[in-house]
Amino acid sequence: VTPLARLELEGEGAIVVARVRGDVDLSNAADLRRALEAAATPDRDAVIVDLAEVGYLDSSGVSVLVGLARGMAVRKQRMAVVAPPGGSARRVLDLVGFDNLATVCESTDQAVAALHDAP
Amino acid sequence: MPSAPGRIVLVGLPADVAAPARAGLVASGRADVADLAPQEALADLVRDAEEVAAIVTWDPGAGGGVAFAQRVARIDRDLAVVVVAPSERAEASARAVQFAPFLGEDVVARSTDDLERLGMDVAAAAERTGGRRAAREHDDPRPDAKLEDPERSVAGYAEHVLRHAPFGVAALDSAGVLLAFNAEAARMLAVDADDAIGRRFDDLVGPDRRGDVRRLIASAGGDDPAATAAVRCVLELGGDGERRSIELSVNRYMGPGEALATVVILDDVTARERAAARLHHLQAVTDAALGTVDLDDLLDRLLTRIREALAVEAAAVLLVDETGDSMRLRAFQGLDPALEGITVAIGEGFAGRIALERVPRRLPRVQGHLVASPLVAGLGSLLGVPLTVGGDLIGVLDVGSTAQREFDDDDQILLQLIADRVALAISQARLYGQQYETATVLQRSLLPQRLPDVPGLRLAVRYLPGGPDIDVGGDWYDVTPLGSGHVVLSIGDVVGRGLGAAAIMGHLRAGLRAYSIEGHQPGAALQRLNDLVVHGGRGMATAAHMEWDPDGTLRIARAGHPPPLLVDPDGSARLVEEGGGPALGVMPFASYDDVTVDFPPGARIVLYTDGLVERRGESLDRSLDRLVQAARGAPPGAEALAERLLERLLERDADDDAALLVLEAPPRGPRLELDLPADPEALGLVRTHLRRWLLEHGADRDTVADFVVASGEACTNVIEHAYGPGSASFRLEVSHENGDAVVTVRDSGRWRDGAGEHGTALMRALMDDVTIERGDGGTVVHLRRRIGTPDGVGTA
């Protein structure tokens, strides 16, 4: 009954930051998918998914991110993921080669800069 | 032309009656007609009654006009009064005129059916007034003397009534001298006519109350010349050798200018007072009985006292049942025990008639068909009264004596007074019973239905409600696993009892749980809860709150609650008295310190409410000391400790609630084995236990993290595909083999490659070795990776 993770949305206008805290596994991946898709409205240019506070990310969570990245690419939106090196999420993202799909950054600032620099 | 002078006064007549009356009077030669309100008319009469020849008054219902006629008679008995009533009320009005006492010489009733004749009738009445006045002048030149004449002041019908009245009446003149009295008054005053007439009334009462009576008579009347004032006092008069309580009502009748006569009504209230005294005796019983929730017990006690008070052998309470058409015998004494639960139709038999008519009944001799009724078998005489609450019948209270006996007014009054209390007690007990039930249901619904299943953690809980006479309390406990693998436990006690306390308890429990889920440490959670209680104005409570960390520690905070009891693996016990703060709701801005204690495998901690330890007349220190003693050397296990504490501490007839929660740290072993439900919610538990085991066995952080992900993937695959949703389970085993950690996940389903796009890839990337064995009985996944520590590290 206890929420494993919570999601906070921040920022108005072109870029929205979706900050995830807690653990992401099969029990809450579907909910997270719905919440992130709802945040990536067509009026957004880009979504930054911040996983710095995620203590556990498994393949269910990876699937959510992959699905989101593909959907946004189709809609010509961009996506960046924040996962500091050494963190649990980063380890998993690196292993599955997530950086082929979306930018993986160390901080939200870096992610914002990366989105602005990109064409 | 009228021969007698004087005005005709119309009092309170509606316009459609006054107009034809006036026209008829004019036609009869009576043009002096005034239309006055009742008070104006009386004031005119007091000023000069002789100017008025007749009064016409309106009687909207039986009695109204008659009462006015009585007031007129007090001023001038010769003055004719015509009472007009609407045709539908005319008959009742005429009857009231015929039988009412204290009316003047000439009072006639008329209906609005006779409007065309009304004027003529009133004119005739005015003539008769004139005739009487002329005759009076002739007989007795003193205008007011007749009212001081006892023979004429209570004349005719009224005199007859008063002479035989069951109450005493004495007429006094303006100086308080006795002019006349009836037989009952003579009996009460213990005087006879020859002796008393002409003496002052106050001389007839005992010297000790003489002054009171004189003042009483003088004070009657007041300033309103036409008013009758009644003043009451109770005298104890020594009549026939026995003290009797007599209530006096003094009515002073005022004529023009001065007091004309005083009428004293004497009422013997001895029986009523005696009944009240006997009731007083019973009152203590009923009041005490009201405190109990058990209706059977209450009724039994009351019936015993009723039998004593009325000296009867049998007493019974019948209550209207759910059909509303019959009554069930609810409690009885002195009757055949086989009668239990018998029903009686309302309207039938002795009790049934009382219920139907809602009036007391007496039966001096049980005879006829009643003898056959099982309820009165063996009884000679009966007395019964209805039980009503707020006008609603709830049953009948009856008593019976085996011998034949005349129950008197005294007995009946007493039984009715008791019945009123019994009825109230029954309705309160019923209401209380409902509330108790509601509170109990509410409380149960607010406490955890079952403890959360936290594999590896052992919990024992006991909740003992107080005695049956005690309202439901506000003790609560709660256990909540957090997503982090931590578990929070709380216990508390809301000050107060009943529905309110149960509701607050639910509120606090939910609040504490919410703050913990938000990630607040125990002290911070209590601080927020205190704010909630203080600002919500919701009572006061104590609580102990703690968070178990799988790394083997407990973080504890308390708010005015007795300290938790910590029992170490070696069996030694101590109270954790650090980490205190004030009770919740006592002071704003209170803060609560956390204390962290080691909670190694095999250790146990006990949270409890004071009902477990408190004893009347014992200091809290002493109670806590007993708690520590009781825990020392307890057999291992959470359940065993809970049992032992209850056995050693709880008094059998304890009336307070007691709650007890025991948490035992899971013992550390070489292998970890968990049977888990094939449910996504189980994944958090897998991580918690795996982390703890690996850390205990010397694995470094990165290795732990990798194992947790790889094992999570193996379990996810099982949960997602092996069974589908349902009640299936799987098994997780962790062991230490030659410096490697080995995780084994077993299910009885079929492994599906590719089901998780990244799952299998992650397992292989993170582990040294992954094997998947598929068989008919299910699938077994082995994950192996070096942790570099020798086998046995960290095991107990």
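Residues are termed buried at under 20% relative accessible area, exposed at over 50% and partly exposed in between, with a 1.4 Å probe and protein chains only; on this basis 49% of the 119 residues of chain A count as buried. The model is predicted, so that local features need pLDDT of at least 70 and side-chain atom pairs count only at pLDDT 80 or more, whereas totals for chains, interfaces and linings use all residues. Residues are numbered from 1 along each chain as its sequence is written, chains are lettered from A in the order in which they are written, and side-chain values use heavy atoms, with hydrogens and water left out.

Chain A comprises four helices and five strands, taken as DSSP runs (H or I, at least four residues; E, at least two) numbered from the N terminus, and their order from that terminus is β-β-α-β-α-β-α-β-α. Among contacts (heavy atoms within 4.5 Å) between residues of chain A at least 6 apart in sequence, 64% join residues at least 24 apart.

In helix α4 (residues 108–117) of chain A, the buried residues are Thr108(A), Ala111(A) and Leu115(A). Seen down the axis of α4(A), these fall within an arc of 55 degrees, so they line one face of the helix, the arc being that of the directions from the helix axis to the C-beta atoms. They pack against β2 (15–24), β3 (46–57), β4 (78–82) and β5 (103–105) of chain A, while Asp109(A), His116(A) and Asp117(A) are exposed on the other side of α4(A).
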